[in-house]
Amino acid sequence: MGLHGSFMALAHSPLGHAMQTSRWAFAVVEMVHLLGLAVLGGSVLIVDLRLLGVILKGESAITISRELSRLLIGSLLVMVLSGIALLSEEAGKCYYSPAFRWKMALLAAAVIFYFTLHRQAILCTRRGTLKLWPRIAALVSLLLWLGVGVAGRAIGLL
Amino acid sequence: MPILQHFCETLYHSGFGTMLRESNNAFSVIESVHVLSITLLIGTIAVLDFRMLGLILRSIAVSSVARSVMPLTWSGFAVSVMSGFLLFWAEAEKMYVNPSFRAKLVLLALAGINALVFHRTIYRRAQEWERQHVSPWRARATAFASLMLWSGVIIAGRAIAYF
C-alpha cells in the first residue's frame, strides 16, 4: 500500500468515520492536541534554555533533561495520537498540503535529533568545559520544534 | 446599550479592527503567535506545578524552579495578552456575546487570583518546604488548580470559534 493508500485507509478507518461524522469529536481532539502542545513546549523550553545556560545554571543539565524526559515524551505521545485522529478527519487534504508535509518532516527531524545528537550534547555537559555544542544543540532543537508548530498552524491557513 | 458593548462595537468597526479582520495574513500570523505562546505561558508554569505535585525535578528546590520559570511565564503572558488583545480588537463585537470568550476571561482571572494568593501566603514560607520532594497540601492544591484553570483557558479559547 502506497503512502496515499495509507492516508485513504486512515480516512476510511473506524477512527476516520468517527472523526468525520461527529460534530464535536474534532473540536475535542484538537483541544487535547493543544494541551499536549503546551506541555511539550514547556518541557522543550526548560531543557533547551538550561542547555543554553539561561536558566537553572546551578543545576545539572543531565538531571533536568532526565527529569523532564517523561513529560516531554508523554506529551509528545499525546500530540501524535491526537494528531493521527485529526489526520483521519482530513487525510486527503493533509496528503496534498505542503504545510503538512513540512510539519511531518520537521517533526521527524526534531524527534530523531532529540534521541541522538541532542542527547549526546546533554551528556557532554558532564565534563563541564565544552559549552558550544550543547548550546548549538539547544538552538537546533528550539528551531526544529518551533518549525513544527508554525507548520502545524500553516496547515489550517494555507 | 451597555458601555462595554458599545466599547466592543467601537473597536470592531474601527479602521484598525476592520483592517485586522479582513487582512489576508496579519490576523493569521497574530493568531499563530497567540496559539504558540501557550508553550511559553502555560507550558512553563505547568513544569512548576508538576514540581510542586512531586512528579518531576524533585531534587531541585521549588524556589529554584520558580525563579527560572516565572520570567518565562511572564514573557509568555505578555505575548499572549498583546496578541490576544489584537485578536479581540478585530472581533470585539462578536467576542462580547461569545460565551466561550467570556468563560476564557473568567478562567484567566481565576488563574491570576490563584497565583496571587499562592505568592502572598504559602510561598512566603517557601524556605520551609521548598526542598521537599512533594510540596505541602496548600501548594499542591494551588498547583492542581493552576493546571485545571490554565487547561480551561486553552479549552475555552479553542471553543471560541464554535460559538
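1. Let's start with two helices of chain B: H3(B) passes H4(B) in a left-handed crossing (the near helix is turned anticlockwise from the far one by less than a right angle; clockwise would be right-handed). Helices here are DSSP runs (H or I, at least four residues; strands are E, at least two), numbered from the N terminus. The contact of H3(B) with H4(B) divides into 19 nonpolar, 9 polar and 2 charged residues. As classes, Ala, Val, Leu, Ile, Met, Phe, Trp, Tyr, Cys and Pro are nonpolar, Asp, Glu, Lys and Arg are charged, and the others, Gly among them, are polar.

2. A word on the source: this is a predicted model, in which local features need pLDDT of at least 70 and side-chain atom pairs count only at pLDDT 80 or more, while totals for chains, interfaces and linings use all residues. Residues are numbered from 1 along each chain as its sequence is written, with chains lettered from A and ligands numbered from 1 in the order in which they are written.

3. Helix H3 (residues 26-52) and helix H4 (residues 62-90) of chain B cross at roughly 155°, and their axes come within 8 Å. That makes H3(B) roughly antiparallel to H4(B). Axes are lines fitted to C-alpha atoms, for helices over the stretch in contact, and angles run from 0 to 180 degrees between N-to-C directions. Angles under 35 degrees count as roughly parallel, over 145 as roughly antiparallel, 65 to 115 as roughly perpendicular and the rest as oblique.

4. Now a pair that spans the chains. Helix H3 (residues 25-51) of chain A packs with helix H8 (residues 137-159) of chain B at about 135°, the axes being 10 Å apart. H3(A) and H8(B) are therefore oblique to each other, and their crossing is right-handed. H3(A) brings A:Ala27, A:Glu30, A:Met31, A:Leu34, A:Leu35 and A:Ala38 to the contact, and H8(B) brings B:Ser151, B:Ile154, B:Ile155, B:Arg158 and B:Ala159. Two residues are in contact if their C-beta atoms, placed from the backbone, lie within 7 Å.

5. How many residues does each chain give to the contact between chains A and B? Chain B gives 26 and chain A gives 25. On the side of chain B that touches chain A, the largest share, 13 residues, comes from H3(B). By class, that side has 16 nonpolar, 9 polar and 1 charged residues.

6. The largest nonpolar core has 62 residues, and A:Ala38, B:Ile42, B:Val153 and B:Ile154 have the most contacts inside it. H3(B) supplies the largest share of this core, 12 residues. Such a core is a set of buried Ala, Val, Leu, Ile, Met, Phe, Trp, Tyr and Cys residues joined through C-beta atoms within 7 Å. Beyond its neighbours within four places in sequence, B:Val153 is in contact with B:Lys104, B:Leu107, B:Leu108 and B:Ala111.

7. Please look at two loop leucines. A:Leu56, in the loop between H3 and helix H4 (61-89) of chain A, has phi near 50°, a positive value. B:Leu57, in the loop between H3 and H4 of chain B, also has a positive phi near 50°. Most residues other than glycine have a negative phi. Are these leucines buried or exposed? A:Leu56 counts as buried because it has 21 C-beta neighbours inside 10 Å, and B:Leu57 counts as buried with 24. The cut-offs are 20 or more other C-beta atoms within 10 Å for buried, 12 or fewer for exposed, and partly exposed in between.
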